[in-house]
Every structure is written in C-alpha cells, then in structure tokens.
Amino acid sequence: MATGPIDGNFDILKLDGVTRRFAGITALDGLDLTIKRGEFIALLGPSGCGKSTALNCLAGLLPLTGGGIWLDDRRIDVLRPEQRGFGMVFQSYALFPHMTVRKNIGFGLMMRKVSKAETERRVAEALRMVRLEAHADKLPGQLSGGQQQRVAIARAIVVQPPLVLMDEPLSNLDAKLRLEMRVEIRRIHKELGRSTIYVTHDQDEALSLADRIVVLHDGKVQQVGTPEDLYARPANLEVARFMGYQNSLSLSVVGAQVGGETRLTGPGIALQGVGQVTTSRAIASVRPEDLVAGAEGANAIEARVTGAEYAGREFVGTAVTQDNQPIIFRSPRRIQPDELVRLSVPTERVRVFADSVR
Amino acid sequence: MSAVTLTRGGEFRAPFWNRVWTVLLWSLVWLFILNVAAVAASVAVDSLGTRWFGTWLPEGFTTKWYFSAWDEFQLGDVLIVTAKVVASVVFVSVVLGVPAAYALARRDFAGKRTILLLLVLPVLVPTITYGVPLATLLYRVNLGGTIWGVICANLVPTVPFVVLVMTPFIEQIDQRLESAARVCGAGTWAVFRHVLVPLLAPGIMAASLLVLVRSIGMFELTFLTAGPDSQTLVVSLYAAAFSAGIRANQSLDALAVVYMVSSLFWLIIALRFVNPVQLVARVKD
Amino acid sequence: MSSLVAPGGAMAGTKPGWRASLGWDGTTLLVLPAVLFVLAFFVFPCIYGLVLSFMPLKGGALDNYIRFFSENRFYSTIWKTLLIALPATLANVFLALPIAFALRKSSKYQRVVTAILVVPITLGTVLVAQGLLGYLGPNGWFMRLLTTLHVIDAPFRMTHNYIGVLLSLIITGFPFSFLLTLSYVTGIDPMLAKAAATLGASPWTQFKQIYLPLLAPGLAMGFCLAFVQSFAVFPSAVLLGEPAGITRVMALAVYQLAYEDYNAPMAAAGAMVMGLVQLLVVASVLGLRGLFYRGPVGGTKG
C-alpha cells in the first residue's frame, strides 16, 4: 500500500539478521547493525563482500530474504523504494539526462508534491550547498564528472531525508578530485547532520569520513568500530589486511604471556605481539610503515632485500625472511638488493591472529 | 503497511494495477501470436484437405494438392529460380556491402555524411517510387523480365541493409588489432586474411542469413521486374492468388505452404546465429 | 575512427597530399562499388522517373500532374492510402510501446517472444494476405469461433474490405515496430528508473517522467520507418481489399498505369507524388522529434 515517503527523522536504524540469498549465492549473511541519528557510517570491504547489496536492501531496490530493517519501531523492509523516502547517491550518478540540473534536483520534491515556491527555495539552497549555482540550467551531459557528482548529492539531500545512502560515489573520479570531494562530503554532512551510510572499498576514504566503520567480508560483519579502533586494533586477519597491514608472517607460538600478548618465533625472527591464540602457529600482521630498518629493539626480523622502489620521501622495500616469506617495509635511506636488514617493530604494532591453515 | 510478498525472481511484487496491466499486455501478446499461428495453420490444413466447406475441419485428408500444385505452378522451375535469385542477391550484396561498411566504420572522410545518406535512401523511399522507373529502364536495356533484372532490382534495398547490419560488427572489432598485425609485419592481404576475415566471419554470416530471409519474402521489386520464367516463389503465390477464381483453392494453399516452409526453414537457421532484433537494422540517427 | 591514416593502412603507392587531407585513401575506396551501384540502380532511376514524369505521352510538361490531381480515380488514392497507412502505423507503434517496455529486462521471455514475433515479418505481406482470406472469411475459423461462442450472431465481412487490409498491415507491421522499439527501450539505463524510485516515483511515474521523454525521439523514428512500410501497401490491398474501391492504394494506381495502361510517364508522375506525400508525413514527424531531448540515454558518465 503506497503511503508515500517517510518524512521526519529517526533515532535508531536497526538491521536485524539481514540476509539476502539469491540464485544460490548468499550476498548478505545475517547482518546486524545499529545506527544512531546523525552518524556517518562507512561500509568497507573488498568487491563482492556485500556492501553494495546491503545498501540496495536499505534503499528498497532489493528485497531481503531474511531478517528485517527497523526505523525506530517501524518495520521498513516491506516498503517499496518510493515509499521509504531515503536519499541515494548512485555510483554512476544516474542523473536524468533530459532534465536540467535544477529539474534533476527538484525531482524528489515534485514527487512529494511540494509547492513551486517552496521547491524553488529548497533547490536554490541545495545548489548553494554544493556550490553549483552557476550551472543550474545546464543539462547533465554538459557537466564534468565532479559537477555531476555534486548534482547527484544535491538531489539526494534536498528532500531532507532521514537517511542518505551513498554507493561508492567517488570511485569514478580522478585522485585529485576525489580528495576535494571528500572534503565537500564531510562539510555537507556537518552542515546537514543527516545520518549517512557510505559504501567504499577505499580504506582512506572510510578513515577520513566515518564516525564508525563497518568492515564486511563474504556478507558478514567482521568488525564495527571507530576509525582509530580499526586502524590500531583490527579484530581479525581480513580486517587487518584491508586496513593496510600488508605483512602477514606465519610463525610458531612460543607461549602466551599475561596481558594478552604472545611471543612468536621463526628463522631469524623474534616477535612479541598483541593478541591471544590457542593454536601452535599464528600470523603476525605488521604495517610496512611500522617496520624500522636497523633500529635497536627486541622485536626483530632478519631479512634479505629483493627490491626497492623510490617513492619520493622514502623507499619502499621488498624483502624475504630466512624461510622465504615476503615482507614489505619502508626506509628513508637508499637500500640495495641482497642487502641484509634487521627490521624492528614495537610490540603494540604487531597484531597476532590464529593461523587456521596449518 | 501490508506484508509484502516476493516474486520468484526475488523482486518486490508490483502494485495491484501494475499487475492487472501486465496480465492485459500478455493476453494481448498471446492473442496476437495465436491468431497468426491460426492463420498459418488454416492455410496448411486447407492444403491437406479433400473438401472443406462449412465445417471446422476438412472432410478428408490428402496430399494430392501438392502434386497438382507442383505441375500447375511449375514449382520445380520456380524453386530453382528463387534459389538462384536469393543466392545471387546474398552474394553480391555482401561483396558490395561489407567493404563499404568497413570503409564507413573505420574512416572519417570528406563526403562521408552524403554517402551515408545515399546508402540509407533506398530504405526511406517507397519501393514503387523507384521500382517503376527502374523496371522501365531495365526493360529499355532488355534486362527486364530476365533473372538478371530481378537480381539487380532486389539488390537495391539489400546493399544498404548489409551496410547497416555490418557497421556495428565492424565497430566492435578493435582497430588496434589491425595495427598490431601490421607492426608484426603483416601486409594488407595478410591482415585481411588472418585478422579481418576470421573476426568478421560471424557478422558476415549474420548479414547473409538476414538478407536471405528477407529476400525470400521481397515481393514488389520482383513483381515489377520479373518475366514469366523469372518469377520467384512469392510472386508465383501472388499471381496464383490473384487469379484464384478459376482454380481450386487447395492447390493455392499448397503453394502457400511450400512458400511458408521455405521461409521458416531459413528463419530457424538464421535465428540460431542471429539476434532477431538485427532483422530490422536500426537506422542510426 | 581517427582521421589519421592508420599505420600502413593506405595501400602501397598512395600519394599523400590533397587526398590525405580529405581523408581519402585505399580503404575509403572500398566504399566505391556500393556507392556506384546505388547511384546506377537507385539514384539514376529516380531522376529518370522525375524527368519522365514531365514528358507525358500527350500534352504539356505538367499535364501528368494536372491529370493526377484532377481525376478522382487518381487523387483519391492519396487519401485512401493515408486512411490505411496512418491508423495501421499508429496501431503498430502504440501497441509496440507497452509490450516492448514490459519486456525491457533481458530474460527468457524476452528472447522467446522476440523470436516468435519475427515469424510474421518473414512470412511477408503476400502470405499473410492470402492466409487471412481463408481465416477471416465467412467460413474461416475466426468467424466460426465467434459464432460458436455466441459473441456474434452471424459472420460479418472482414475480407475484401478495409478491415482485412488494416489487420494484414498490423500483423506484418507490429513485429517490426516491436523489435525497433525494444532496441530503443533496452538502450535506456535502468539505473535512471531506480534513482527515480528512490526519490519517490511510482512505476507509472517512472515511465511517464523518465522513459517516455527519453523514448520519444526513438518512437518518432520508429513511426517514420513503420509508416514507410505501411504506406507502400500493395499485395494485401489487392488480394484482401477492394482494389477498385476503398483500398485503391497509390502503389496499385501506379502499377496499373505502368503495366496495364502502358503509360510510363504518367506512372512516373504517380510514383513521384507518392514519394512526395510520404516525404511530407515523415518530415513533419521528424520535425516534431526535434522538440525532444535527443542526447545519450545511457545514463551519466559514471
């Protein structure tokens, strides 16, 4: 039954056991998430992890096969997309090519039968917010990628939706523009205060924009936390790898110590890291930038350099341990192939996870 | 809020009136298809009936009408003529059209728009408008009434058709493949033989099949230019139907069935290789 | 297609200079055989016809045209042909639109229906006309079914009149319009409709505000192409209609002038008038088309 779009705001958005199974593939597997009013949530994960599916389910473009979505105490997963009243920014922008910028932005208001005068006022306000007043009467085909993206954002927010959904909106822009637009999106979010769910596969975007990040993998939530939480304390190997912990060393466990730390050894390697495991072998995750070549310290890895890349302010080195595991590290001074280096790292920068392979 | 149900396709079930509309549309489609099938079937049934008047089905069944039709309409000769005409039209239109499509797809040159317009015109001008003067001219040079005249006339709309069908096929082939072949040392002939022909082959086959299917049914041009011994099957059918009063209807329907079968036979073969949408060769604006 | 000469693309021995600046080289010459053919067998006959129409068997240069527009049995063919062609075209285009729209998603149904609908096109106008003579005749299955179901009391005339010809044109013309419209509809980015949905548009509004404006130019083009086919109606008008009466179409008049009256110049004049009338209709529809958005419909560059 069409009841029209939801208006007004909400306190809690709850995803409860959200599942979507279609054609033998489980895209979402029991997703549980609670979002508070005004939060900026990033859904982060590699391709195929289910983040876009989750967004489409929230928008109503895909129905759930299990679980439910509640807006306060109202169940919304039974509503069709035109009844939900959320704003959505698509990856391909999906601007209506035959309508001017002004008409595109005003489309949602037209659907809600807002008066002409009110529409004009609100469209002008939206144009000001995305700084496109000069282009109001152009067609989308006459705009650049960045401008089209801003029109897409304006179109989504002008209806004052309780929730704004963004599906990898920056992925089609070049690097410089992406950084500029990130600042814009943060500014707009601060100005409007609308709850936003932002899908991305770019770790940097998530870290800079989100209040909380949700990492997804294979349709399941791996970790939910603030950017600092995820950066410093990834919950498992998948999350760690995604957050830039590029090194994964498979080592033997020597013994767990009090305080949640574990000692690991390997040929030419003696490491103490944060994390408790029950298996006899474990994986140590370390960021390349946390490895320091040549410094003193008990935690050390002896490795032989295999290659070096010049990256401007430092060198990115690739090396192998004595049992041929690859390591990536950074060095301020020039390094040569076949050089032997001793890489040290502070204990709290080493995350230990169980090694399920052996 | 009503409890929503999902369709088998995993989508939301559409609102009520949308579903009513969909049912209406599908009934219309099926009505159309059934009626057309019934038309074809009634022709076929009649051709196999002994006598049929005033009842649902004929009184008895026989195949004698096919034999009488074979003699009456000289079907053996007509089929041979049709085969010759269609084969020649397919061959010549491909030989003329494919290179032209290649040149148009690969090069921007002065006069290109005029040439494109020129090639598209036969599709837009009524067949009779150019057919009657063309037939007059062909008779003037003694080609009228011969099989050559028929072939020439039928080529006029098919050459542009081949160009229109082939153009997207050629545009799909990455131009850099030819450059890569040249960089590897291939001359023009080698590029043609080893790169272009294999890649164009499916497109050429598609175009040939489409021309074939269309040519079997092309009536007006053959009608204007054919003589008594250069009639194709469809023209024979028309001529027979036109003077239908004096002969048994059943043998006429037998002729019609022979025509239907030839047409459908090639259509089924064509559909295996070709997307039906290409049959209408969109004129790009 | 770049305008620079492809490496080694020109045939050996082509001189650069004025030809290169026009973009002509060995490859462009490939277009020549087709162009020459069209010039010889199409353009030349058209011009010949035009000239011939001004050289009547007896009388002054314009006599053929004067005769055409003053004798009822000639100028009446204009409105009679339009009377058949315009409704047939409108029916084809407006039936094709909802059905092609309903089948816009690529699915098994789309392929099956498309393949089945191609059959009437292949069968052609002659067979359909001949078949309808039997099927719609007083003893045919159609009438028999209607009387058996008591929808009507007695068979009414559907052959040898206007209705039969109109139906025949719809049967052969609808699949063509359908395929053409389908190709236009599938070219529109489905994301646009989804975006409209998230903004509150119901399925009907999505169609009206998004699809229809974007389809309009394609529909206009489709109308023109369908009209060209219907306007040239000939075998069905003779076999299934009243060739001496309401379905005396222009094509028939021209044919009779050429092959029965042996009056080639007058036939040419008739052919020219026919082309002109068609041109007028097509030009006015295409003119209307210019009022709509005609840019890319595949969505924005995302």
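Which residue is the bridge partner of A:Leu13 in strand 4 of chain A? I found A:Leu71 there.

Before going on, I noted that this is a predicted model: local features need pLDDT of at least 70, side-chain atom pairs count only at pLDDT 80 or more, and totals for chains, interfaces and linings use all residues. Residues are numbered from 1 along each chain as its sequence is written, while chains are lettered from A and ligands numbered from 1 in the order in which they are written.

**Chain A, the sheet.** I saw four strands in an open sheet, order 2-1-4-5, with antiparallel pairing (strands are DSSP runs of E, at least two residues, and helices are runs of H or I, at least four, numbered from the N terminus; two strands pair if DSSP finds at least two bridges between them). Strand 2 (25-36) and strand 5 (74-75) of chain A are the edges, each pairing on one side only.

Next I checked strand 1 (residues 12-22) of chain A, which pairs with strand 4 (residues 66-71) of chain A over five bridges. Eight bridges join strand 1 of chain A to strand 2 of chain A, and in strand 2 the partner of A:Leu13 is A:Ile35. Those two strands form a hairpin with two residues between them, and A:Ala23 in the turn has a positive phi of about 55°.

**Chain B, helix 10.** Why is this helix largely enclosed? Because seven of the ten residues of helix 10 (residues 233-242) of chain B are buried (20 or more other C-beta atoms within 10 Å of a residue's own, C-beta atoms being placed from the backbone). Among them I listed B:Leu233, B:Tyr238 and B:Ala241.

Key. Buried ≥ 20, exposed ≤ 12 C-beta atoms within 10 Å, placed from the backbone.
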